[in-house]
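Colleague: Could you walk me through how a pair of helices pack here? I have the structure open and would like to follow along.

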Amino acid sequence: MNSMDILMRRWRLDTESTVPPFEQVRLRILDLASSGELAVGTKLPSVRALATDLGVAANTVARAYRELEQAGIVVTAGRSGTAIASGGDKIAAQVAAAADAFAAVVRELGVPHAQALRIVTAALDRG
């Protein structure tokens, strides 16, 4: 399965969302890189190809790629294209560390497990 198929599987840009299209694209790629569905080294579709598939301007995808590159999630090598960097592993490690710190606070304060999960879910939903 190629990266375009993985990106588009069970996902479409939400034109009704208050989240800007570039951010939706950025978050989708970030999620797939963090989960390992887009493995390190996987070449992403060209800006133009992904923009065409999504029905958005090329600048929308270019901005998502640029922000992912600044965060170390992808690397761009000119005409060779854009590929997933090892940054996905770094993000998973940061999230795991934050989860460990949260769990420590929850245990220290004696917050019930179910309540702690509701608090985290609410925080993610506010995101």
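**Helix packing**

Modeller: H2 and H4 are oblique to each other; please keep in mind that this is a predicted model. The axes of H2, residues 21-35, and H4, residues 58-70, come within 8 Å and cross at roughly 45°.

Colleague: And is that crossing left-handed or right-handed?

Modeller: The crossing of H2 and H4 is right-handed. On the H2 side the contact is made by Pro21, Phe22, Glu23, Val25, Arg26, Ile29 and Leu30, and on the H4 side Thr60, Arg63, Ala64, Tyr65, Glu67 and Leu68 take part.

Colleague: How many nonpolar, polar and charged residues does that contact have?

Modeller: Sorted by class, the contact of H2 with H4 has eight nonpolar residues, one polar residue and four charged residues.

Colleague: Let's look at threonine 60, then: is it buried or exposed?

Modeller: Threonine 60, which has its place in helix H4, counts as buried because its relative accessibility is 19%, and the cut-off for buried is under 20%. Leaving aside residues up to four places away in sequence, threonine 60 touches Pro21 and Phe22.

Colleague: Back to H2, which of its residues are buried?

Modeller: The buried residues of H2 are Phe22, Glu23, Gln24, Val25, Arg26, Arg28, Ile29, Leu30, Leu32 and Ala33.

Colleague: What span should H2 have, and what comes after this helix?

Modeller: At 1.5 Å a residue, the 15 residues of H2 should span 21 Å, and the end C-alpha atoms of H2 are 21 Å apart, so the two agree. H2 is followed by glycine 36, which has a positive phi, near 90°.

Methods:
Residues are numbered from 1 along each chain as its sequence is written. This is a predicted model: local features need pLDDT of at least 70, side-chain atom pairs count only at pLDDT 80 or more; totals for chains, interfaces and linings use all residues. Side-chain values use heavy atoms; hydrogens and water are left out. Axes are lines fitted to C-alpha atoms, for helices over the stretch in contact, and angles run from 0 to 180 degrees between N-to-C directions. Helices (H or I, at least four residues) and strands (E, at least two) are DSSP runs, numbered from the N terminus. Angles under 35 degrees count as roughly parallel, over 145 as roughly antiparallel, 65 to 115 as roughly perpendicular and the rest as oblique. A crossing is left-handed if the near helix is turned anticlockwise from the far one by less than a right angle, and right-handed if clockwise. Contact means heavy atoms within 4.5 Å. Ala, Val, Leu, Ile, Met, Phe, Trp, Tyr, Cys and Pro count as nonpolar, Asp, Glu, Lys and Arg as charged, and the others, Gly among them, as polar. The expected span of a helix is 1.5 Å times one less than its number of residues. Buried means under 20% relative accessible area, exposed over 50%, partly exposed in between (1.4 Å probe, protein chains only).
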